Amino acid sequence: SMTPEQEENFNQAKKEFDEVMQKQRQAETQLARDIQSSEDDLINAELDALMALEAELDERRQEIDAEYERRKAMAGSDADRTEITHEHLVSLQKLDDELRDHRNNAQQAMNKIHGDMRARLRAAKQQLKEQQTRERDEKLQAIEEVRKSVEEKNEVNDLIEQLDMKD
């Protein structure tokens, strides 16, 4: 059996252990949330940049179309018109190629962001796990010390009882 002091020590050690476990679960959740939020911010920035670029390319397409209509109206011959149409199609193709390249680059950038975040999360979780293991071990050690002190006291009491019986 435990003395009131030992029981209090045990209960305190147990309470601290439970608090550490609770705090650790919250830390894990918060870590994942922070890294996800950071990833979302980077992905959104990448998407915003891509949308701004698409809008700019759209504007350039409208300018190219307007220039084409203007030049076609002024063309003297069918041959001129054919050449102007060809140049127009080449300009549009360049725009499409540029847009495709930017979309591919954005996709690669987002894949990299996602990969980096997963790597960061893995590393952070590993670091957290090591720290948590140390904290848990410390708290379990405190519980173990109380248990030992109770055992030692019981052994001493048993010895005293045995000595008392001999009298």
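Me: Before I start, what do buried, exposed and partly exposed mean here?
Reply: Buried means under 20% relative accessible area, exposed means over 50%, and partly exposed is in between, with a 1.4 Å probe and protein chains only.

Me: Ok. Which of these is Arg60?
Reply: Arg60 is partly exposed, because its relative accessible area is 30%.

Me: What sort of model is this, and how are residues numbered?
Reply: This is a predicted model, where local features need pLDDT of at least 70, side-chain atom pairs count only at pLDDT 80 or more, and totals for chains, interfaces and linings use all residues. Residues are numbered from 1 along each chain as its sequence is written, and side-chain values use heavy atoms, with hydrogens and water left out.

Me: Back to Arg60. Which residue does Arg60 form a salt bridge with?
Reply: Arg60 pairs with Glu98, and their closest N and O atoms are 2.9 Å apart. A salt bridge is a side-chain nitrogen of Lys or Arg within 4 Å of a carboxyl oxygen of Asp or Glu.

Me: Where do Arg60 and Glu98 lie?
Reply: Arg60 is in helix α1 and Glu98 in helix α2, so the pair ties together parts that are 38 residues apart in sequence. Helices (H or I, at least four residues) and strands (E, at least two) are DSSP runs, numbered from the N terminus. Glu98 counts as partly exposed, at 26% relative accessibility.

Me: How many salt bridges does the structure hold?
Reply: There are 14 salt bridges. One of them joins Glu87 to Arg71, with the closest N and O atoms 2.8 Å apart. Glu87 lies in helix α2 and Arg71 in helix α1, so this pair ties together parts 16 residues apart in sequence.

Me: What about Glu144 and Arg147?
Reply: Their side chains meet in a salt bridge, at 2.4 Å from N to O. Glu144 and Arg147 are separated by about one helical turn, because they are three residues apart in helix α2. An α-helix has 3.6 residues a turn, so residues three or four places apart point the same way.

Me: New topic. Which residues make up the largest nonpolar core?
Reply: That core has 10 residues in all: Leu31, Ile35, Ile43, Leu50, Ala106, Met110, Ile113, Met117, Ala124 and Leu128. The elements giving two or more residues to this core are α1 (4–74) and α2 (78–166), and the largest share, six residues, comes from α2. A nonpolar core is a set of buried Ala, Val, Leu, Ile, Met, Phe, Trp, Tyr and Cys residues joined through side-chain atoms within 4.5 Å.

Me: What does Met110 touch?
Reply: Leaving out residues up to four places away in sequence, Met110 touches Ile43, Glu46 and Leu47. Contact means heavy atoms within 4.5 Å. Met110 counts as buried because its relative accessibility is 13%.

Me: How far apart are Met110 and Leu128?
Reply: They are 18 residues apart in sequence and 26 Å apart in space, C-alpha to C-alpha.

Me: And how far does α1 reach?
Reply: α1 has 71 residues and reaches 104 Å from its first C-alpha to its last, close to the expected 105 Å. The expected span is 1.5 Å times one less than the number of residues.

Me: Gln24 is in α1. Buried or exposed?
Reply: Gln24 is buried, with a relative accessible area of 4%. A polar atom of the Gln24 side chain lies 3.0 Å from the backbone oxygen of Gln132.

Note on methods. Polar contact = N/O pair within 3.5 Å; in protein donor to acceptor, adjacent residues only side chain to side chain.
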